[in-house]
Amino acid sequence: MTQAEIKLCSLLLCEHFGEIVEKIGTHLIHNGSQPLRMIAHDTGMSLDQVRKALCVLIQHNLVTYQLQKRGLVEYEAQCSRVLRILRYPRYIYTAKTLYSDTGELVVEELLLNGKMTMSAVVKKVADRLTETMEEGKTMDYSEVSSTFVRLADTHFIQRCPSAPESPEPPEAPLPPAPTLVLNEQEMYTVPRLNLVGKGKRRHSDNGDDCEPKAKRQKPNADSKEPPPDDGIYWQVNIDRFHQHFRDQVIVSAVANRMDQTSSEIVRTMLRMSEVTTSSNAPYTQPLSSNEIFRSLPAGYNISKQILDQYLTLLADDPLEFVGKSGESGGGMYVINLHKALASLATATLESIVQERFGSRCARIFRLLLRKKHLEQKQIEDFAMIPAKEAKEMMYKMLTCNIVSLQEIPKTPDHAPSRTFYLYAVSVLSSAGQSQALAQLVANLIERRLHETKENRRLLEKSQRVEAILASMQATGAEEAQLQEVEEMITAPERQQLESLKHNVNKIDASENQVDETIFLLESYINSTVKH
């Protein structure tokens, strides 16, 4: 892990969990797995603080623990999982796109809390949706439950590993750390719960509001029973979301290269195999032309003959996103996921080279991709670039590990006059340099935090004014009174707020765009390693 990625992990932990959790998490990232007392000693924090911080990190799957032979429990940070925090907004937005507001809030609650039972999620989401509804309307638990089941059926959420029920007698000593087991057969099985009820608003208008708070809560605490699904916890399946992102990138690439109909056919093929195909598989499951035709969206009126023509066109395309694997059922077709990711990663790297080094370096980069290996003189001739400029460009790209240099000596003494020097491009090693993009994301986060800190006083004033306006509107204040409160923020301050909002939105959009590039390059690396 590079220093840039460690810095990014530190910023993400501090922003989402606070300074204490960030200090423990960063310490584990720097030093590897350590036991509790060593963490407390090295960080200079109390055991209680370290325990609480580790609980938070384990709850959110950012730290794992392992029982060693001597009985010590060692804790280890999951750096890749910490970096996924950057992608949380995309997970939530995807859930909203696929399963409306209910799905969005289910995924948001699971990401905010790490692990939750189904009953707790359903009640919390129903309450939140009820608060946004008009007066007198409420959200039924059954509607939220059905969305929860759909998310589990499509594998966007999954069960967490749990401690097995031990047949040992209760007086037996407990192990220092429980061993969690994941039953793969029940990973997406939703427990049958009879959740009856509706969401509640925070500010209830019931008559018992005049009753003292302690007096009202006491009987509820005494009659509290464990939920019916106690011990069955759920979490967000990040790999499934990444699979969906990958599919969306492939569909978008086909639409840009060919047309909307071709992309819809590819989207249908990916949707048919999204649950049956592993996220690391190089190909999707073979699908017949007849199956694809039957699965096309109802509003997409194309005949079977036109579909076959499109499939043939896609299979004959030089990029080979779609391949033909047989003739049965009108022709069997697969999507070559590895080839698609390789083509997209190559195009992304070409774009990065062009933006960073200029169009001439991009020309050399494409030339090396096509010719595989070239000498300095051949590069100058083929690219039609003067020798001095070509050498400078090659040196720049060589120092950034965009291109590699291979020596092939004619004699054992490696004399320069009797040695071939061949330049080449390895897409895999170039994609590995995507870690440098982590530095860019860290800089963007620091800039956003700096902008917010510099304008903290103005932001606090704006929030106070908004709170006053909301309370006055609720009590039915006159328009003149509202106008008077609004004028507490002067015109220059309002302009400064607009400028701050614009800058922060621009930084957020840049973070998402850089993360999309990181995701594409990481997906290609993982696909190549597995392939």
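How many bridges join β8 to strand β9, and in which direction do the two run?

The structure is a predicted model. In it, four bridges join β8 to β9 (residues 332–335), and the two strands run antiparallel. Within β9, Tyr333 is the bridge partner of Lys324. Helix α11, which spans residues 260–272, packs on the sheet and touches β7, β8 and β9. The direction of α11 makes about 85 degrees with that of β9.

The sheet is open and has three strands in the order β7-β9-β8, with antiparallel pairing. In general, strands of a sheet pair through backbone hydrogen bonds, in either a parallel or an antiparallel way.

Thr64 stands opposite Glu76 in β3.

Together β2 and β3 form a hairpin, with five residues between them. Gly71 lies in the turn and has a positive phi of about 95 degrees.

For residues 349–425, UniProt lists "domain: DNA-directed RNA polymerase III subunit RPC3 winged-helix", in an unreviewed entry. Over residues 349–425 the model is 56% helix and 18% strand. The end C-alpha atoms of this stretch are 11 Å apart.

Key. Residues are numbered from 1 along each chain as its sequence is written. This is a predicted model: local features need pLDDT of at least 70, side-chain atom pairs count only at pLDDT 80 or more; totals for chains, interfaces and linings use all residues. Side-chain values use heavy atoms; hydrogens and water are left out. UniProt positions are given in the numbering used here, feature names are shortened, and annotations may be inferred rather than shown by experiment. Two strands pair if DSSP finds at least two bridges between them. Contact means heavy atoms within 4.5 Å. Axes are lines fitted to C-alpha atoms, for helices over the stretch in contact, and angles run from 0 to 180 degrees between N-to-C directions.
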